[in-house]
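Colleague: I'm about to open this one. Take me through it, please.

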Amino acid sequence: MHRKKLSVQSVVAIGIGTAILFLLKRYVSIPSGIPNTNIDTSYGFLGFISIMFGPIVGFFVGFFGHSLSDFTQFGAPWWTWVFTTGFIGFAIGLLKKYIVLADGKIGFKKLVIYNIYQILINIIGWSLLAPTGDVLIYSEPSNKVYLQGIISSITNSISTGVIGTILLVMYASTKVEKGSLKKE
């Protein structure tokens, strides 16, 4: 059986993306007022890199970046939220085939689809998966973790929407639009 390996480009993207995500999570987050819940700029970057490189890179960048952030900040990763960040990266990365940045153009319709999709993924991840995992695995009080999850759904959707959209548009604008070059 033939197993597809990660390309060198994907491995480099995972390494660089993890470092950037870690730095954003660790140093460019704004406290929300809810314990252990921040307005996190890293999710805009995660959305962008997941669209650029796909679901596998998105998963590993989210997983490793969040793990490193938790480890350096709290001494140990909070695995339910680490896996959820990986899930978010993976799920958004599934749009890679639909949103092709190399074409040099990203239309309004694709940006709307990206944002509706990422909001749904953030709601599933932060309002359902992470808090349910906290209750089942860590025996956390449900009212606390579901509140954290709802706040994270909102703030991460905004971050992914605003910052991710800006990064996608800026990157796409650096590419030559397909079919725009003409021989004179």
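Colleague: How do the residues lining the second largest pocket divide?

Modeller: There are 8 nonpolar, 10 polar and 6 charged residues in that lining. Asp, Glu, Lys and Arg count as charged, Ala, Val, Leu, Ile, Met, Phe, Trp, Tyr, Cys and Pro as nonpolar, and the others, Gly among them, as polar. The model is predicted, and totals for linings use all residues, while local features need pLDDT of at least 70 and side-chain atom pairs pLDDT 80 or more. Numbering starts from 1 along each chain, and side-chain values use heavy atoms, without hydrogens and water.

Colleague: Which residues lie nearest its centre?

Modeller: Asn 36, His 66, Asp 70, Phe 74 and Trp 81, out of 24 lining residues. A pocket is an open set of 1 Å grid points where a 1.4 Å probe fits, with protein on both sides within 12 Å along at least five of seven lines; lining residues have an atom within 4 Å of a point.

Colleague: Which elements give two or more residues to that lining?

Modeller: Strand β2 (38–40) and helices α3, α5 (108–138) and α6 do. These are DSSP runs: helices (H or I) of at least four residues, strands (E) of at least two.

Colleague: Now the largest pocket. What is its volume?

Modeller: About 560 Å³, counted as space filled by probe spheres on the points.

Colleague: What sits at its centre?

Modeller: Of its 23 lining residues, Ser 10, Met 52, Phe 53, Gly 54 and Lys 96 are the closest to the centre. α1 (8–27), α2 and α3 (55–74) each give two or more residues to this lining.

Colleague: And how does that lining divide?

Modeller: Into 13 nonpolar, 5 polar and 5 charged residues.
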